[in-house]
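The structure comes first, and the text follows.

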Protein chains: 2
Amino acid sequence: MGIKYLTDGHRGMANVKMSDIASLAGVSESTVSRALCDNPLINEATRTRIKKIAEENGYVLDLRARNLRLQKTGTISVVFPLLHEVDSGISDPFFLEMLGHLADELAERHYDLLLHKIGPGEPRGLIDLVNERRSDGVLVIGQSTQNAVINELATRYEPLVVWGAALPDQHYLTVGSDNYNGAVTAVQHLVGLGHRRIAFFGDKTLPEIGQRYAGYVAAIEQAGIAPNPALECRVPFDRLGARKAMNGFLDQHIAFDAVFAASDLVAIAAINVFDQRGIKVPVDVAMVGFDDIMLAAAYTPALTTVRQDIGQGAKAMVEALFSRLNGTQAASTILPTSLVIRASCGAKMLQNKSA
Amino acid sequence: MGIKYLTDGHRGMANVKMSDIASLAGVSESTVSRALCDNPLINEATRTRIKKIAEENGYVLDLRARNLRLQKTGTISVVFPLLHEVDSGISDPFFLEMLGHLADELAERHYDLLLHKIGPGEPRGLIDLVNERRSDGVLVIGQSTQNAVINELATRYEPLVVWGAALPDQHYLTVGSDNYNGAVTAVQHLVGLGHRRIAFFGDKTLPEIGQRYAGYVAAIEQAGIAPNPALECRVPFDRLGARKAMNGFLDQHIAFDAVFAASDLVAIAAINVFDQRGIKVPVDVAMVGFDDIMLAAAYTPALTTVRQDIGQGAKAMVEALFSRLNGTQAASTILPTSLVIRASCGAKMLQNKSA
DNA sequence: ATAGTTATTGCAATCGATTGCATTTTGGTT
DNA sequence: AACCAAAATGCAATCGATTGCAATAACTAT
């Protein structure tokens, strides 16, 4: 006699299934199924024997079959604004960092991560995705301008969590940073350095940016400075549009001594445009960004910015989603931010003023 | 009488299945199945009738069931070096751009994209992924140091395509840029500008970087310059390590007038470190990068770099993978690169020389 | 009308797992 | 030895689609 093995074919990967293991072990499929998931109904001895056989024959269960039977997918969709067209997109490193953390959190729960890109012109994408029921839940990173679509969807689809700003009439769970207070802190910092004419760079029609703008205004006013609409530069997301907007702003020759940029990417682009026109950061103008992407620290000059804790954010999103899946109540979360001070807004201005 | 509808429950999403449509239409499931996939066996009239009923009742087929039956998954795994730990990782924007393009290519072919993060310390991850057969094929972005594992896997698993350098004893298909010639062009450009003491910044133990290094050496020698090992700075991937390596290089006070950085990220970090020590790019030192990530153009100074066509790369990878899935032969691909000249290595040096 | 085609449709098995219930085996008790 | 409870295992239905083959309906030509 001797131990029987299933020979795996030429392709190397034998298509071993549960019934094969069952016959090898001389038991029924039910027993194998139960043994493999440590069901206590099965005798300790048989259980280990079966497991050993399964192991030796390289058995792995077929998730399609299991999920079909269990009526689930074992998958979470992550919807992502992946914009990469030359003229319409900047791959924000912030998203990649978020994605990495989400991948971790989901892997820990043994869920797969199905990635869906969604472009600016395809609002149906999200709806279809849900209709096809390929996943047990959906995480949306960045509602940007789609919040109407998302909101409509949310009224009939529960397991949906969105990264971004919490808005008033919102039916869906959000996890996001405290944009308002983050902005307040940033602007207060600039004020503390002696800056008075602080420009706002960003597109405040986007929900998150709108909140940052509100914080900017509040901090300005609180410092006793009159908000000046001329100091606002509406910077779109695409690179060319951004440069154009910034150059247009500079062409107006409005005096300003600092910029609060709505994201690090905007800040970086601004520094670049300024540089080309001979304006040096931080010597001539102080600059604060938002996000603290990895590159913020590596930029020249290193960027002072409002840090969002992406790891926490990812964790909160996944937790909220699984609460919904389990029927537990869960509330939207607003995560605290912190100001990271680097070279892009040195203390020089303060010294100038006091001198 | 009147048309019958399946009422969808409170949750909004009715769980309509094919058998429901069958009874509504008064036909068998087989007929519905065939009608929905435009099988010509089915009468034109019934086909449209069934489709209409399916549409009205919001029917969508269950992919698990279909895939189980068809013995496939409809999914491609994308394995991704998502490193985000503070001390071990930089999220290279290059990867996100690639990911976006892959998402497009796969979506076009109606395949889902399953994302798997793989950390530096988990070589088994890739193997397990394949064993679990959750996807019909695997795309690996960046072999980095894992090529031994990948190679072993490739001997028994066919539908595998890797982004990266083509290496001698490789059993797997690769798609990658022409690292060698890209580097040659970059260095020739520096030479043409009059630079003689060109440093190499990067970790040449990684396959892709190794090829770029080879190109660097070749171009140097071809210009009649003796390669100087002291001009090589081995820059690791983590930020702190990178800074340390660069500072160490500067501490040796070896004269150099230009840097060929193995990636844009390295170039960016280098400019930053140089700046902190009073070395200005491009005034004091010229800098060329590799990749042409979005940020290269937005950096200050804008980065001269070797552009990789990521869109083409993604396309080639997916095409190669599907060839394998269809049993067609496919060969590894090497994509051409192009040099993008920007501010980081201006023509100043040349003028200095000729003056 | 009738046999012979051809165009449609249905039956039933199948993909690979899970699980309620029935059944067998084992062990303990008197 | 007989019986009962408890432990271990097996049977068979099920998840929702696809498809070879059989069966029926609709025509065509004689």
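In this predicted model, 58 residues of chain B and 59 residues of chain A take part in the contact between the two chains. The size of an interface is often given as the accessible area lost when the parts come together. Here chain B and chain A bury about 5,300 Å² between them, and 61% of that area lies on carbon and sulfur atoms.

Two salt bridges are found across the interface of chain B and chain A. In one salt bridge, the side chains of Arg134(A) and Asp112(B) meet at 3.1 Å, N to O. The interface also holds 18 residue pairs in polar contact. On the side of chain B that touches chain A, several elements supply at least two residues each, including helix H4 (63-70), helix H6 (124-131) and strand E2 (112-117) of chain B. The largest share of that side, nine residues, comes from H5(B). By class, the side of chain B that touches chain A has 28 nonpolar, 13 polar and 17 charged residues.

Strand E2 (residues 112-117) of chain A pairs with E2(B) in the antiparallel sense, over three bridges. Within this pairing, Leu115(A) has Leu113(B) as its bridge partner. The open sheet has 12 strands with mixed pairing, in the order E11(A)-E5(A)-E4(A)-E3(A)-E1(A)-E2(A)-E2(B)-E1(B)-E3(B)-E4(B)-E5(B)-E11(B). Strand E11 (333-335) of chain A and strand E11 (333-335) of chain B each have a single partner strand, so one side of each is left without a neighbour in the sheet. From one strand to the next, the twist averages 20°.

Chain B has another open sheet, of six strands, with the order E7-E6-E8-E9-E10-E12 and mixed pairing. Its edge strands are E7 (232-233) and E12 (337-340) of chain B, each of which pairs on one side only.

| Strands | Sense | Bridges | A residue and its partner |
|---|---|---|---|
| E2(A) and E2(B) | antiparallel | three | Leu115(A) and Leu113(B) |
| E3(B) and E4(B) | parallel | four | Val138(B) and Leu160(B) |

Helix H13 (residues 310-325) of chain B packs on the 12-strand sheet, and its direction makes about 165° with that of E4(B). Helix H9 (residues 207-222) of chain B lies across E6, E7, E8, E9 and E10 of chain B, running at about 170° to E6(B).

Technical notes
Residues are numbered from 1 along each chain as its sequence is written. Chains are lettered from A and ligands numbered from 1 in the order in which they are written. This is a predicted model: local features need pLDDT of at least 70, side-chain atom pairs count only at pLDDT 80 or more; totals for chains, interfaces and linings use all residues. Side-chain values use heavy atoms; hydrogens and water are left out. Two strands pair if DSSP finds at least two bridges between them. Contact means heavy atoms within 4.5 Å. Axes are lines fitted to C-alpha atoms, for helices over the stretch in contact, and angles run from 0 to 180 degrees between N-to-C directions. Buried area is the accessible area (1.4 Å probe) that two parts lose on being put together, summed over both. A salt bridge is a side-chain nitrogen of Lys or Arg within 4 Å of a carboxyl oxygen of Asp or Glu. A polar contact is a pair of N or O atoms within 3.5 Å; within protein, one must be able to donate a hydrogen and the other to accept it, and residues adjacent in sequence count only if both atoms are side-chain atoms. Ala, Val, Leu, Ile, Met, Phe, Trp, Tyr, Cys and Pro count as nonpolar, Asp, Glu, Lys and Arg as charged, and the others, Gly among them, as polar.
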